[in-house]
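Colleague: Before I use any labels for this chain, I want to see what each one rests on. Please show the structure and then take my questions.

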Amino acid sequence: MGTLKNHVQLIGNVGQEPTITNLESGKKVARFSLATNEYYKDAKGEKQTETNWHTVVAWGKTAEIIEKFVAKGKEVGVTGKLKTRAYTTDDGNQRYVTEVVANEILLLGSK
């Protein structure tokens, strides 16, 4: 049961080209947005689509795979955990952001 704690699995499409950052320590970090869609029928019986956007962050080898193979529009599967962090804006306001920290990525769809 311990592996179910803070566990996220998403399949969606990459919303923008991933940004890759090389840190001074030599580690790589990749960041991209992922769109997931849910489909349902409304009260009139018409098909509706609801899109949710997720920020995905990956480190090390996973970031290297993203750098080589992931591009805007590509369908991917992501496994990881949720992480919330706080930061202060230039005007002094505190903001919070929740990201998916990916530990595994699965390349889906055709080339």
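What follows is a set of questions about labels, each answered with a value and its definition.

Modeller: This is a predicted model, in which local features need pLDDT of at least 70 and side-chain atom pairs count only at pLDDT 80 or more, while totals for chains, interfaces and linings use all residues. Residues are numbered from 1 along each chain as its sequence is written, and side-chain values use heavy atoms, with hydrogens and water left out.

Colleague: How many helices and strands are there, and how do you know what to call a helix or a strand?

Modeller: The chain has 1 helix and 6 strands, in the order β-β-β-β-α-β-β from the N terminus. Helices (H or I, at least four residues) and strands (E, at least two) are DSSP runs, numbered from the N terminus.

Colleague: Why is Thr79 called buried?

Modeller: Buried means under 20% relative accessible area, exposed over 50%, and partly exposed in between, with a 1.4 Å probe and protein chains only. Thr79 has 17% relative accessibility, so Thr79 counts as buried. Thr79 lies in strand E5 (residues 75-88).

Colleague: What makes Val101 a contact of Thr79?

Modeller: Contact means heavy atoms within 4.5 Å. Leaving aside neighbours within four places in sequence, Thr79 has contacts that include His7, Gln9, Val101 and Glu104.

Colleague: Glu99 carries a charge by your count; is Glu99 buried or exposed, and why?

Modeller: Glu99 is buried, because its relative accessibility is 6% and the limit is under 20%. Glu99 sits in strand E6 (residues 94-107).

Colleague: What makes the pair Glu99 and Arg31 a polar contact?

Modeller: A polar contact is a pair of N or O atoms within 3.5 Å; within protein, one must be able to donate a hydrogen and the other to accept it, and residues adjacent in sequence count only if both atoms are side-chain atoms. The side chains of Glu99 and Arg31 are joined at 2.5 Å, so the pair meets the distance limit. Beyond four places in sequence, Glu99 also touches residues including Thr55, Val57 and Lys81.

Colleague: What is worth noting about the phi of Asn6?

Modeller: Most residues other than glycine have a negative phi. Asn6 has a positive phi of about 50° although it is not a glycine. Asn6 belongs to the segment before E1 and, at 41% relative accessibility, counts as partly exposed because that value lies between the limits.

Colleague: What makes the largest nonpolar core a core?

Modeller: A nonpolar core is a set of buried Ala, Val, Leu, Ile, Met, Phe, Trp, Tyr and Cys residues joined through side-chain atoms within 4.5 Å. The largest one has 16 residues, and those with the most contacts inside it include Phe32, Val76 and Ile105. Strand E1 (8-14), strand E3 (28-41), strand E4 (47-59), helix H1 (60-69), E5 and E6 each supply at least two residues of this core. Val76 touches, among others, Leu10, Phe32 and Ile105.
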